[in-house]
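Please read it with the sequence and the coordinates open.

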Amino acid sequence: MEKTKKQEQTTTHKIGIYLWIWGLLFVLSFFSYMVDWYQFQGMLRWSLILFFMFLKAGLIMAFFMHLYWERYALVNVLLWPMTAIACFIFLMVAEFEYTVFTRLFYFVAGG
Amino acid sequence: MSDIKIEGYEFKPGFKGMAKDTGSDQTMFKGVHWGKAMMWIFLLSDTFIFSCFLISYMKGRGSTLIDWPNPSEVFGLNVFGVDVPLLLIAIMTFVLITSSGTMALAVKYGYEKNKKMCGWLILATAIGGLTFVGMQAFEWSKLIHEGVRPWENPFGAPQFGSFFFMITGFHGTHVSIGVIFLFIYAYKTFAGHYDQGKRGWFTTMKGDYVEIEILGLYWHFVDLVWVFIFAFFYLW
């Protein structure tokens, strides 16, 4: 980082960036509450929920937790393990679909 | 961002810097405070725990043939005769975001060695967290009065209760522990422990404002987890 030399004096960012992110988080939370308020259903509801969720999570991690300014070694150590979670989600989706199938097949359809 | 400069080691940005950092002599993350690195590792492991809870919730909810209770009705409040869906949860979300913002500012003022502002903002964060826990206690007692149990509930699929108590309970525990530490750190800030470099009780580490950033990481993580719980448990 070229900032390294200056780091003895100041390491902080302007207050404006924090206030902006803070405001954005409020607005995004309000929007995600509105998704429920207006009772959107189906794909529209799910995609809006996910969109606002990832936006909020990204803002918190990038700016409040300083990952945007952090060194790549740390960022990569933190973010790559998330692919394992993605794999796990993928596996468990296949699993619950199979469970639903067997339940419908044996309990409802009667085998 | 607060990393100190190591003599004879020049930090490079980007992937080149990452390769150099990862393959560097003796230690990785040179110049990063060990407490900060360890907090990140802890948060990573905590991410996996919460992920496991949320994934098991997804699996449970996805595989039941009984209708899932409608969260916007279950968590709705009746205010002056009007049913407002999910009201309490929305307020809790705003309270937690407010406390997250004050924490971010506390970290900033900590690095500027502004003891007063930093202390008051940590105190404000603690009070926000306390409000959140209080509202969660209210929510729990309300649902328990309505007959929600880990094994049954009057609204629909019986799994609902166990996932609800497990996930929000674990998150609430995190918030409670955070609140305790926030109060301790507010005291330590006002008492000037970080200006004088006073040592803490668990460690021989000299007090420094980097500790505020480490505490901030934990607190933002609690907020981050709530973002996911809010989306998946309450809104979905």
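This is a predicted model: local features need pLDDT of at least 70, side-chain atom pairs count only at pLDDT 80 or more; totals for chains, interfaces and linings use all residues.

1. Residues are numbered from 1 along each chain as its sequence is written, while chains are lettered from A and ligands numbered from 1 in the order in which they are written.

2. Chain B holds 8 helices and 2 strands, where helices (H or I, at least four residues) and strands (E, at least two) are DSSP runs numbered from the N terminus. Along the sequence they follow the order α-α-α-β-β-α-α-α-α-α, and the C-alpha atoms of chain B fill a box of roughly 65 × 40 × 30 Å along the principal axes.

3. Helix H6 of chain B (residues 159–190) has 32 residues and should span 46 Å at 1.5 Å a residue, which agrees with the 46 Å between its end C-alpha atoms; the expected span is 1.5 Å times one less than the number of residues. Just after H6(B), Gly192(B) adopts a positive phi of about 80°.

4. Met38(B) lies in helix H2 (residues 34–63) of chain B. Because Met38(B) has 12 C-beta neighbours inside 10 Å, it counts as exposed (buried means 20 or more other C-beta atoms within 10 Å, exposed 12 or fewer, partly exposed in between, with C-beta atoms placed from the backbone).

5. The contact takes 45 residues from chain B and 44 residues from chain A, two residues being in contact if their C-beta atoms, placed from the backbone, lie within 7 Å. On the side of chain B that touches chain A, H4(B) gives the largest share, 10 residues.
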